[in-house]
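Hi,

Here is the structure I promised to send over. Have a look at it first, and my notes follow below.

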Amino acid sequence: LVQQTDALIASHPLVHSVLGKAGRARTATDPAPLSMLETVVVLEPEETWPPGTTVDDVVAELDALVQLPGLTNAWTMPIKTRLDMLATGIRTPVGVKLLGDDLQVLAEVGQELEAVLRTVPGTASVFSERVTGGHYVDIEIRRADAARFGLDVQDVQAVVQSAVGGAVVTELVDGLERYPVNVRFPRELRDSVERLREVAVPTPMGHAVALAQVADVRISDGPPAIKSENARRTAWIYVDLSTGDLGGYVARARETVARQVRLPPGVTLAWSGQYVYLQRAQERLAVVVPLTLGVIVLLLYLHFRRVGETLLVLGTLPFALVGGIWLLWAAGWQTSVAVWVGFLALAGLAAETGILMLVYLEEALERWQREGRLTSPHALEEAILEGAVDRVRPKVMTVATNIVGLMPIMLGTETGTTIMKRLAAPMVGGLLTSTVLTLLILPVVYLVWQRRKGVGTPA
């Protein structure tokens, strides 16, 4: 299977090299069963790709190319896969963990979930890991028969270990290097149950007997691997997505599973994978966002020492966020942690520019009052217009500097820019609408507020 999938992937014109792997390395950090085939695909340099081709396009073409019976595809980045496997064990964006005591029941529920999740919109592929279906050679020693030949259980087990599993008999020393020497029967003498039954077991009487004379040798079914979590056996279902809306997909999948799947007694279900990171991020943002807004309110009040100006700046903040939302919608991006961080930074910038505009407006108003020129509603308009015009140059310079500084991120294609673009997009779009807000809307709101206070009205 590895050779077939490697050949299919290598036939794609944009694939430079392919390396497939079955099984796992001798390390606890690679919990991969034999049924998991990992293939690392190195693509050709992007400058050689046809115009307009993206990584998602290549993945879609490869997924359509590699369609073999019994195999389910999940495409992700190599390092990201390792991090996900170490953190949650799930190597796809979404995973379902079934916890219970009976592996057979977990296998049946897993296959039922696999069929149900395949119907949920946004599912690219779904695979329920088979927790049953493994085959084992069981050697059960008949103690009475072994005793008739003067053998005990340890004698028979020692022969089985050395003949089938292998026994370390010595160590090869080559300078500073040490190599264990393992001895066992050649493959042709242990490649079937019939051959194992003929393995010779030496007896204290000086002759040998066949293993079948002192033990039952048979093939039995069992789990290929047993996973446990929170002291309970688990079965995992891997779900790969064709949508970037992780939270929306899980919400739809939860509703579908709750409606169509009835869990047996003693079986519990937990959603895992990258969804766990989303939940953690939502919990933290539920604290960070109100805290950030609270800090902005506190700083505004400490600056103005008045509630009116503080509420005036806060009331205009949502209008500054409109540009960020529009730009995200135009780019087709979903909200993420990076997007929320960008919006928090935008809120701080919008509040800062709002403060500067109010400072210019108040200075102009005080100057006109000091000079005795604020004698009519028209004079109030002229004073506010003068203060707003003084703010045009620094505001435009501030916005231009920020946008020019963020454009390399927005236009870049290097590693890491995918996440950074989500952070920069709210700030770029928000700064544009913030400029309109600060230069046009905020002076008008300030004018209406001053008129309600009676400023510029003849006594």
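Which side chain does the side chain of D145 make a polar contact with? The partner is the side chain of R148, at 2.5 Å. (A polar contact is a pair of N or O atoms within 3.5 Å; within protein, one must be able to donate a hydrogen and the other to accept it, and residues adjacent in sequence count only if both atoms are side-chain atoms.) D145 sits in helix α5, residues 143–148. Helices (H or I, at least four residues) and strands (E, at least two) are DSSP runs, numbered from the N terminus. D145 counts as buried because its relative accessibility is 15%; the cut-offs are under 20% relative accessible area for buried, over 50% for exposed and partly exposed in between, with a 1.4 Å probe and protein chains only. Leaving aside residues up to four places away in sequence, D145 touches Q213 and V214, where contact means heavy atoms within 4.5 Å.

Before you read on, a word on what this is. It is a predicted model, so to speak of local features we need pLDDT of at least 70, side-chain atom pairs count only at pLDDT 80 or more, and totals for chains, interfaces and linings use all residues. Residues are numbered from 1 along each chain as its sequence is written, and side-chain values use heavy atoms, with hydrogens and water left out.

On confidence: pLDDT is the predictor's confidence in each residue, from 0 to 100. The protein has a mean of 84, and 98% of its residues reach 70 or more. Where pLDDT is low, the predicted coordinates should not be read in detail.

Now the strands. In β3 (residues 94–100), seven of the seven residues are buried. V94, V96, L98 and G100 point one way, while G95, K97 and L99 point the other way. Two strands pair if DSSP finds at least two bridges between them.

There is a hairpin too. β6 (residues 167–174) and β7 (residues 177–183) run antiparallel, joined by seven bridges, and V173 stands opposite R178. Two residues lie between these strands, and G175 in the turn has a positive phi of about 65°.

Which residues in the loop between β11 and β12 are worth a look? N230 is in that loop, between β11 (227–229) and β12 (232–241), and its phi is near 55°. N230 is exposed, at 67% relative accessible area, and A231 is exposed at 80%.

Finally, the second largest pocket has a volume of about 200 Å³. Of its 13 lining residues, the closest to the centre are L293, L321, W340, F343 and A347. The elements giving two or more residues to this lining are α9 (274–304), α10 (307–331) and α11 (337–370), and α11 gives the largest share, six residues. A pocket here is an open set of points on a 1 Å grid over the protein atoms alone, where a 1.4 Å probe fits, with protein on both sides within 12 Å along at least five of seven lines; lining residues have an atom within 4 Å of a point. Grid points are joined across faces, edges and corners, and a volume is the space filled by probe spheres set on the points.

Cheers
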